[in-house]
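Trainee: I have a structure to read. Please walk me through its features one by one.

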Amino acid sequence: MHAVAIVAAAGSGSRLGADRPKALVPLAGRPLVCWAVDGLLAGGVAEVVVTVPAAERDAFAAVLPAAVRIVDGGSTRTASVRAGLAAAGPDADVVLVHDAARPLTPPDVVARVIAALAAGAPAVVPVLPVVDTTVLVDDDGAVVDAVPRAPLRRVQTPQGFARDVLERAYAALPDGAELTDDAAVVRAAGVRVETVRGDERAAKVTVPHDLTLAELAVTLDGTVTR
Ligand code: CTP
Ligand code: MG
């Protein structure tokens, strides 16, 4: 099984509000995208494609390993992944799509996704339970109802796919359609999406507090390695 990872790193990081694209923001001295690529390679990925803001190619090339392919992303995450998928080499039979914004994703999560694909899953996502009471509110913010929590899951990345399944699903997706993740793209094509256990350390860096937590995890959590 030859796994290629598409790393979505073409966003600006407007909610983080840094002086550079989010994927280039340092965590313990190394850009988020470098942490993300390391985790994928350690988890069993053979090949990596990183989609970047077109104006920042040189900055990414300066920090990424030479074997990583760098391609221009698009104006939405969906467009960026589509561009990355088109640049995957001919050998790959499975594709993992990952957010650069999840720098500390443990290699074990990557390995669980690859193992599920090897066992025959056409699509697989890492998930975690919802731990907070979850409610529906009306337009004024008043609670209307509590949502039964047991069947709810939070979805992380990397999300894994048989290559032909993902390529067909993206080909069937109308140009300009924007979905929040790749599992939604294959589900729109009628594909069953399986789940494996995610990990809190795979949390997404979205706002400055998330970066603070990631810095603390690197410093204080002995299971996070540099
Ligand atoms: N992404 C991408 N191409 C885009 C938009 C997002 O490749 N046009 C990537 C981001 O680089 C990130 C991942 O998708 O790694 C998840 O998106 P998000 O956390 O929303 O990152 P940004 O879009 O960069 O952040 P923001 O929404 O705050 O601007
Ligand atoms: Mg975004």
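Trainee: Where is the place of V137?

Mentor: V137 sits in strand β8, residues 135-137. Helices (H or I, at least four residues) and strands (E, at least two) are DSSP runs, numbered from the N terminus. Some ground rules follow. This is a predicted model, where local features need pLDDT of at least 70, side-chain atom pairs count only at pLDDT 80 or more, and totals for chains, interfaces and linings use all residues. Residues are numbered from 1 along each chain as its sequence is written, and side-chain values use heavy atoms, with hydrogens and water left out.

Trainee: How many salt bridges does a search of the whole structure find?

Mentor: The general idea comes first. Side chains of opposite charge can pair when their charged atoms come close. A salt bridge here is a side-chain nitrogen of Lys or Arg within 4 Å of a carboxyl oxygen of Asp or Glu. The search finds 13 of them.

Trainee: Which parts does the pair of D182 and R77 tie together?

Mentor: The side chains of D182 and R77 form a salt bridge, 2.9 Å from N to O. D182 lies in helix α6 (residues 182-188) and R77 in helix α3 (residues 77-86), so the pair ties together parts that are 105 residues apart in sequence. A network of salt bridges links R77, D99, R102 and D182.

Trainee: Is D182 buried or exposed?

Mentor: Buried means under 20% relative accessible area, exposed over 50%, partly exposed in between (1.4 Å probe, protein chains only). D182 is buried, at 0%. R77 is partly exposed, at 23%.

Trainee: What about R82 and D175?

Mentor: Their side chains meet in a salt bridge too, at 4.0 Å, N to O. R82 lies in helix α3 and D175 in the loop between α5 (163-172) and α6, so the pair ties together parts that are 93 residues apart in sequence. R82 is partly exposed at 24% relative accessibility. D175 is exposed at 72%.

Trainee: Where do R163 and E167 lie?

Mentor: Both are in helix α5, four residues apart, about one turn of the helix. R163 is buried at 13%, while E167 is partly exposed at 32%.

Methods:
Chains lettered and ligands numbered in written order.
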